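Please read it alongside the sequence and the coordinates.

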Amino acid sequence: MRLTMILGVSIFAFSVLASSAAQAKVTEPPKITSPAKLKPGEGAVRLSVRTQKQFTETFFLYFVRLDENGGDSDSYVRIERGAGVPFAGSNMIDVKAVIYRMPVGRYRLLGYTMRCEGVPFEGALCSGSISGPFPTGYYKNPAPTFDVKDGSFADVGDFILEYTGPRPIGEINGIAEVDEHRSDIRWKPIAAARPAAFANLADPGAPTIPAAFQSRITCETRPKGVMLYIPFAC
């Protein structure tokens, strides 16, 4: 009975997400390694997207472009972080700073999904796994925001899907019980210096990060000896 309910709701949620994505302007910004790739009306944006534990599905982080009045427009940016092959050395836990080119404007963190590819909404459920739904999140103001200006380099930071449940991480022993607790997006600056190729680009200003979004994670990579599918602490 419970499995039937989960799958039924999940299929509905997936179809709604797919529908919402079809009606919105969702773009995946191109990656660049040189400012020469920037076009007029674009700026460079460096950010990292990762998770505090390994998942088996691709992680999608969404930003919404704000309109002239500071409200949400119908234009969204989606950044992906693939699960990779953990046992071959590729995971979704370590910092992976990437530089993208994006149209000028002000952007706000909107939310994230796992497995579902559509624009997230409050209360969205994405599943298809017998173990239960994958996490999703939706954020209203105040939420992290950043500016992209013409020909600039915005160092936006490291966005982490971080465990925010009530239990101390050291008390979590199994994969199943981890999935019962909430995770949310948290933020920290990228430790690595700005790449030399972008050194001469103007700085549009630091992102605005509300205190509630500050990360508790201090390390850039998964500590040795920590199980992939359990949230690490550092």
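## Disulfides

C234 is partly exposed, with a relative accessible area of 34%, where buried means under 20% relative accessible area, exposed over 50% and partly exposed in between, computed with a 1.4 Å probe on protein chains only. The model is a predicted one, in which local features need pLDDT of at least 70 and side-chain atom pairs count only at pLDDT 80 or more, while totals for chains, interfaces and linings use all residues. Residues are numbered from 1 along each chain as its sequence is written, and side-chain values use heavy atoms, with hydrogens and water left out.

C234 forms a disulfide with C219, the sulfur atoms being 1.9 Å apart; the term denotes a pair of cysteine sulfur atoms within 2.5 Å. Both C219 and C234 lie in the segment after β10 (183–188), so the pair ties together parts that are 15 residues apart in sequence. The torsion about the S-S bond of C219 and C234 is about -80°, so this disulfide is left-handed, and C219 counts as buried at 16% relative accessibility.

The count comes to 2 disulfides, and the other link joins C116 and C126, with sulfur atoms 2.3 Å apart. C116 and C126 are each in the loop between β6 (105–114) and β7 (137–138), so the pair ties together parts that are 10 residues apart in sequence; strands here are DSSP runs (E, at least two residues), numbered from the N terminus. The link of C116 and C126 is left-handed, with -125° about the S-S bond, and its cysteines count as buried, C116 at 1% relative accessibility and C126 at 0%. With bonded cysteines counted along the chain, the disulfides follow the pattern 1-2, 3-4.

## Aromatic pairs

The model has 6 aromatic pairs, defined as rings of Phe, Tyr and Trp (its six-membered ring) with centres within 6.5 Å, where planes under 30 degrees apart count as stacked, over 60 as edge-to-face and the rest as tilted. One of these is the stacked pair of Y107 and F146, at 5.4 Å centre to centre and 15° between the planes. This pair links distant parts of the chain, Y107 being in strand β6 and F146 in strand β8 (residues 145–148), 39 residues apart. Y107 is buried, with a relative accessible area of 1%, and F146 is buried at 4%. Ring pairs link Y107 and F146 with F63 and F159 into a cluster.

## Charges over rings

A charge sits over a ring if NZ of Lys or CZ of Arg is within 6 Å of the ring centre and within 35 degrees of the ring normal. K53 lies over the face of F55, at 4.7 Å from the ring centre, and the charged end of R186 sits over the ring of F213, 5.9 Å from its centre.

Notes:
Helices (H or I, at least four residues) and strands (E, at least two) are DSSP runs, numbered from the N terminus.
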